[in-house]
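Here are my notes, for you to read with the model open beside them. They go point by point, and the cut-offs come along as they are needed.

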Amino acid sequence: KLELIGQKIKQIRKNRNLTQEELGQLVGVKKAQISKIENSLTDARFETILKVFKALNAKINFNIELLN
């Protein structure tokens with residue numbers, strides 16, 4: 001769910017005392033893009049999401065489970 005990812009990015013960004021603009025500079029995107037990701041207003045590229053978590057110095061885990 002993209003909204004969960006956006007919420008987590010926002011939470012971590014605030015915990016790190018970063019503005020959207022500062023995070024955008026670390027990732028190489030504009031503040032507006034960070035805002036859209038945090039508010040689930042865009043289908044951001046997976047690569048961009050990974051860059052955001054890397055810039056936040058956050059470890060991410062994805063669990064993929066095959067169903068029948």
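1. A word on contacts before anything else: two residues are in contact when heavy atoms lie within 4.5 Å. This is a predicted model, so local features need pLDDT of at least 70 and side-chain atom pairs count only at pLDDT 80 or more, while totals for chains, interfaces and linings use all residues. Residues are numbered from 1 along each chain as its sequence is written, and side-chain values use heavy atoms, with hydrogens and water left out.

2. Start with Thr48, which sits in helix α4. Helices are DSSP runs (H or I, at least four residues), numbered from the N terminus. Setting aside neighbours within four places in sequence, Thr48 is in contact with Val27, Val29 and Ile37. Is Thr48 buried or exposed? With a relative accessibility of 13%, Thr48 counts as buried; the rule is under 20% relative accessible area for buried, over 50% for exposed, and partly exposed in between (1.4 Å probe, protein chains only).

3. Ala55 belongs to helix α4 too. Its relative accessible area is 24%, so Ala55 is partly exposed. Neighbours within four places in sequence aside, Ala55 is in contact with Leu23, Leu26 and Val27. As for Lys31, it is 24 residues from Ala55 in sequence and 14 Å away in space, C-alpha to C-alpha.

4. Now the charges. Side chains of opposite charge can pair when their charged atoms come close. The rule used here asks for a side-chain nitrogen of Lys or Arg within 4 Å of a carboxyl oxygen of Asp or Glu, and by it there are three salt bridges.

5. Glu38 and Arg13 make one of these salt bridges, with 2.5 Å between the closest N and O atoms. Glu38 is in helix α3 (residues 31-38) and Arg13 in helix α1, so this pair ties together parts 25 residues apart in sequence.

6. Which residues are linked in a network of salt bridges? They are Arg45, Glu47 and Lys51. Arg45 pairs with Glu47, the closest N and O atoms being 2.6 Å apart, and Lys51 meets Glu47 at 3.7 Å, N to O. Because Lys51 and Glu47 are four residues apart in helix α4, about one helical turn separates them. Arg45 is exposed at 55% relative accessibility; Glu47 is partly exposed at 40%, and Lys51 is partly exposed at 40%.

7. Phe46 lies in helix α4, which covers residues 46-55.

8. Last, the inside. The structure holds one cavity of 30 Å³ or more, and about 70 Å³ of space lies in the largest cavity. A cavity is a set of points on a 1 Å grid over the protein atoms alone where a 1.4 Å probe fits but cannot get out, and lining residues have an atom within 4 Å of a point. The lining of the largest cavity is made by Leu2, Ile5, Gly6, Ile37, Ser40, Thr42, Ala44 and Ile49. Helix α1 (residues 2-15) gives the largest share of that lining, three residues.

Notes. Helix = DSSP H or I, 4+ residues; strand = E, 2+ residues; numbered from the N terminus. 1 Å grid on protein atoms, 1.4 Å probe; cavity = no way out; pocket = protein on both sides within 12 Å on 5 of 7 lines; lining within 4 Å. Points joined across faces, edges and corners; volume = space filled by probe spheres on them.
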